[in-house]
Amino acid sequence: MELILVNVIDGLVTGLLLFMLSAGLTLIFSMMGVLNFAHASFYMLGAYFAYQISLALGFWMGLLLAPLIVGVLGAGVERYGLRRVHQYGHVPELIFTFGLALLIEELVQFIWGKNQMPYDIPDILNFTAFSIAGNSIPAYKIFMIFISVAIFIGLLYILTRTRVGMIIQAALSYPRTVEALGHNVPLIFMGVFGVGTALAGVAGVIAGPVLGTFPGMAFVLGSIVFVTIVIGGLGSLWGALVASLLIGWLTTFAKSYNIEMSNILNGIGIVTPSNLEDNIFRDLWTVTSPQIADILPYILMVLILIFRPAGLFGKRHT
Amino acid sequence: MKKITKLGAVSALSMIVGASAAFAENIKIAFIDPLSGPFASTGTNGLHQFEFAADYMVNDDGGVLDGQKFEIIGYDNKISPKESLIQLQVAIDQGVRYIVQGNSSGVANALTEAIDKHNKRNPDSRVLFLNYAAVDPALTNEKCNFWHFRFDANADIKMDALTDVIAQQDDIKKVYIIGQDYSFGKAVSAAANKFLGEKRDDIEIVGDELHPIGKVKDFTPYARKIVASGADAVITGNWGADMLGLGKSVIENGFDGPIYTYYAAGSGITAAFGESGKDRIRLISQGGINPIASEEARAAYEAFEKKYPDGNIDQSRIFNVIGMLEKAIEQAGTADDVVAVAKELEGMEYETMWGGKLYMRPQDHQLIQDMHVGVHTDENIDFDYDQSGFGVLTESTVEMASMDSPTTCEMKRPE
Amino acid sequence: MSDLKHTDIEDGTEQITTDPTDAREKMRAGSMTYTLMPWIVGAVLLVIMPFIFTSNSALTIMNQMWITVVFALSYNMLLGQGGMLSFGHAVYAGVGGFAAMHIMNASDFFASFPLPVLPLFAGLFGMGLALIVGSFSTRNAGTVFAMISLGVGELIAACSVIIVAFFGGEEGISGDRTYAMPFFGNEFLQQIDVYYLTSFWVLLSAVLMYLWSRTPVGRMANAVRDNPERAEFLGYSARWVRFYSFVASGFFAGIAGGLFAINYEILTEENLNTASSGVILLVTFLGGVGFFFGPIIGAVVFTLVQTVLSLQTELWAFYAGVLFLATVMFFPGGLAGLIMMHVPAFKTGRAGTLVMPYIKTLLPAAVGVLAVSALVEMTFHVRHAATGDYDMTLFWTTFNSHSLLPWIIAIAVAVLAFWITRRNMPELRAAWATANTAREGTV
């Protein structure tokens with residue numbers, strides 16, 4: 001029972017971290033209609049910048065400055081790269097972000113080398129907040145939860161309660177009308193792209209010390225961010241939140257309990273074949289839930305796309 | 001249109017492939033390992049050690065035979081079996097007769113089979129495969145062949161030595177085994193189960209599981225299970241980011257026992273563990289460097305550090321590869337006839353500066369050597385890793401580990 | 001331009017390469033001349049290449065190129081011709097290849113037919129998988145199709161380490177091609193034998209894929225790509241047209257997998273993973289999705305970059321990334337589009353006037369690019385080489401990377417070269433405009 005509570009907290013942390021990435025990506029997606037493959041690369045840049053800044057000015061300045069730098073870089077990429085490619089259509093845009101992801105990884109290796117960086121949790125947060133049945137919950141995890149919840153509330157407030165948010169929402173759906181009303185739509189798009197990448201940067205800053213700061217960190221996170229926003233429904237902030245938490249809990253629980261496929265199959269009345277060693281399906285029988293935990297989101301996504309292509313909270317069908 | 005591009009390709013190809021056979025007097029050794037991509041740091045560090053060892057041990061002393069030099073050529077296989085086979089072909093065409101590789105047993109499996117087939121089909125350009133780090137037991141058992149020599153201890157031998165040490169710890173009653181879901185992780189798990197059962201049948205194995213390799217972002221759920229199981233010790237074969245992720249997560253989330261493992265030193269991992277891993281992480285390896293075994297080794301290490309201040313000699317067996325190859329070539333009197341060289345390597349005994357004696361077992365081409373279990377600490381460390389002040393201090397040594405271990409290898413020797 | 005980009009969001013039924021308006025036109029399929037000439041030239045080249053490059057490594061690299069050609073052409077059946085963006089195409093080649101390996105290991109069955117037939121079986125297995133996946137993934141195009149392909153690709157790649165019986169886990173499945181029935185006495189022991197086998201299949205597959213694009217289904221694929229509603233009104237089911245293209249593409253991908261199995265005699269997880277699927281997308285795009293021969297160029301160039309350039313520099317992936325970004329940003333039609341831009345000039349007979357301006361701009365530009373890459377290499381050397389190891393060799397000269405002179409030379413050469421390029425650009429623009437008087441001046 002205690003373990004369930006611990007897993008709920010762990011899943012929440014994973015889910016909220018995923019949310020910080022998917023929130024920016026889903027905004028960018030609904031704006032430009034393109035999957036930004038380099039989104040996770042901005043997350044990596046956030047971690048590396050924060051590490052570099054933390055060497056000189058400490059962790060907190062890193063948390064403040066690194067996302068800003070990442071956001072400015074992101075806005076620059078939109079202004080000088082994507083905007084140019086946008087006119088050719090969506091595939092070139094996608095390839096552009098794809099190539100950008102490749103290039104950022106190479107650049108990071110060029111500058112910081114290929115080893116893992118010793119980027120650590122600040123001492124002030126490096127203690128155990130509380131323990132549940134011998135499982136300690138580090139204070140840093142509580143800190144991560146607070147940051148992500150604050151960001152979610154802030155985003156929701158800006159998008160639904162402020163004038164800027166209204167213009168952004170309108171620009172996402174009816175760009176030409178908004179432009180006709182005298183708003184600078186390209187500037188809005190650049191701003192949204194910058195904010196989206198800055199959010200990815202924040203995620204990198206706070207995830208770097210726990211998940212590791214190394215050149216492959218963007219790739220490891222990889223396509224799971226897209227899966228999240230597709231499950232949640234493209235362009236929906238609530239959808240991104242629900243899907244992130246769903247994936248966080250799904251993978252955490254699947255890893256925490258060793259459920260074997262044979263148990264499930266026996267449970268529904270299929271008897272284990274006697275000569276399992278020679279059976280061609282032997283590997284399927286012995287599959288355990290931790291082995292497949294990380295591909296469960298993909299299964300979920302394919303099922304959702306087949307039966308509800310708009311995603312959980314999506315309004316339209318892209 | 002097609003013609004133009006193909007002609008372009010033609011000129012590029014001829015430039016590269018044509019530039020071979022220029023330095024006929026050198027003995028070329030192809031280093032086929034990742035030099036770009038996520039595993040590049042391990043590969044690059046290995047290449048530096050090979051280049052240094054070749055210069056330090058052979059070339060600076062006037063070379064082998066009548067003054068021939070060892071030339072290490074790096075080929076980037078991007079840790080892909082396909083690329084490795086392409087690079088193998090390129091290397092053979094450039095006159096290479098000795099292949100060294102170590103990262104990833106998957107690549108080693110692909111290479112050993114390809115080399116076996118190549119040597120069968122092309123008796124004029126046979127090559128030897130000197131494996132310095134791939135430890136899948138199959139390579140010296142059911143998949144063994146005459147052309148493959150392994151200079152590291154295989155996963156079974158290491159686990160045999162590691163469980164010797166665990167068996168002496170009376171306070172360990174429960175262990176948890178966790179590893180990456182592939183051949184090596186499975187081999188570690190099987191060996192741990194077998195040896196613990198033989199040596200300490202009172203130890204309960206409270207968990208034995210595999211996780212996807214290189215895909216786990218957050219090890220927290222695994223750490224929770226380990227803590228919940230009440231384990232006194234963790235045994236893992238994880239390496240790279242998986243080792244660091246697992247180790248940090250287990251420690252952070254409240255596990256307070258030792259972690260017994262294979263690969264948790266150098267390449268940034270020692271620095272990243274730092275204080276949190278002190279006295280917690282215990283590693284099995286050959287060639288301990290703290291305390292260093294000989295003055296000769298100390299001089300070599302200091303010379304290496306002077307050349308590569310960021311580097312570590314984390315694979316001292318690389319020096320053994322170079323030293324034993326040099327000796328075999330001298331004794332065979334030729335570097336071109338690889339069969340003669342291989343026959344010299346078989347059964348060779350060699351005194352290494354890193355301490356102890358080496359013996360290349362002829363039945364399966366597995367090197368038998370001393371194994372050390374060390375602890376991650378910052379006390380009494382002469383040679384640290386990653387300039388972190390932390391290093392591995394040898395706590396116990398198993399001499400000539402698994403000398404008489406069985407092998408299923410049926411070696412077919414050429415006439 | 002900026003007002004155009006939002007249209008597809010509003011109507012909500014966006015296709016990946018659709019709207020023929022404006023700059024996108026550059027990406028659209030062009031018509032190929034019906035002559036047999038390109039095929040004959042191609043066949044002759046395939047035959048004589050081994051006489052020019054006799055070494056085994058050149059043969060291995062060429063084999064890799066031709067396999068990539070088949071794979072990229074099959075990918076373009078989806079992307080270029082059908083407007084379907086797939087992130088998991090490697091699995092069809094991979095599964096075909098794994099099936100071929102299993103056939104290779106089924107000794108009695110394998111000994112009953114000659115080796116050149118094997119890719120056909122691989123193709124059938126690739127097609128079989130495409131039949132299953134296509135039955136649900138081709139219902140929608142656009143993002144839904146793309147994301148299903150990503151999900152399925154990840155699933156099958158993950159299965160490769162879980163289902164050891166079929167995929168062999170991390171070390172893969174290996175076999176020996178020489179156990180097939182001898183083919184006119186040939187056991188395919190040497191690379192050169194395998195080269196001709198591969199070449200035969202490349203030519204055959206390319207011809208078949210070209211003919212497929214000329215069939216009514218192939219033509220309808222273009223129509224469905226550009227405007228599915230209109231195609232539906234004409235009485236064609238967009239879904240079935242996509243399905244047929246998908247299955248055919250799976251078949252040819254499977255053939256590429258079978259050729260891989262014969263060449264390397266081993267298949268591993270890397271034949272299935274998303275990185276391989278991503279690479280084939282880049283290869284196809286680099287070559288140009290709008291023209292049938294585009295992917296061929298892409299495959300050749302990319303293989304050279306990956307295999308040959310990586311022998312020269314550790315930074316090959318960096319250069320590859322720059323190459324892709326530059327292509328996407330400046331030549332969205334890919335290398336093929338770049339070549340085809342010159343067709344009008346040839347037709348008007350004024351191509352000759354372009355030669356001199358090209359030499360005057362491209363030559364200094366190339367020198368400038370080389371000088372910049374020299375700067376990159378020098379920076380890398382200073383940062384990452386061993387202490388005290390100051391000597392580096394670049395462009396056949398050895399120098400001290402810590403002295404000032406080489407830096408000054410490289411920077412001076414780069415600046416000078418780009419200055420000359422810039423100065424001569426107007427001349428090229430003018431020449432281009434005169435050579436293409438029928439068209440608008442677009443460079």
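What distance, taken over C-alpha atoms, separates the centres of domain 1 of chain B and domain 2 of chain B? The two centres lie 28 Å apart. The model is predicted: local features need pLDDT of at least 70, side-chain atom pairs count only at pLDDT 80 or more, and totals for chains, interfaces and linings use all residues. Residues are numbered from 1 along each chain as its sequence is written, while chains are lettered from A and ligands numbered from 1 in the order in which they are written.

In chain B, domain 1 covers 19–153 + 295–368 and domain 2 covers 156–290 + 370–398, with bounds from an automatic or database domain assignment. Between these domains, 19 residues of domain 1 are in contact with 19 residues of domain 2 (contact: C-beta atoms, placed from the backbone, within 7 Å). Helix H2(B) gives the most to the domain 1 side, with three residues; helices (H or I, at least four residues) and strands (E, at least two) are DSSP runs, numbered from the N terminus.

Chain B also meets chain A, where 32 residues of chain B are in contact with 28 residues of chain A. Several elements of chain B each supply at least two residues to this side, including helix H2 (40–58) and strand S7 (204–211). Helix H7(B) gives the most, with seven residues.

Chain C contains 19 helices and four strands. Of its 443 residues, 50% are buried (20 or more other C-beta atoms within 10 Å of the residue's own, with C-beta atoms placed from the backbone). Among contacts in chain C between residues at least 6 apart in sequence, 79% join residues at least 24 apart.

Technical notes: Buried ≥ 20, exposed ≤ 12 C-beta atoms within 10 Å, placed from the backbone. Contact = placed C-beta atoms within 7 Å.
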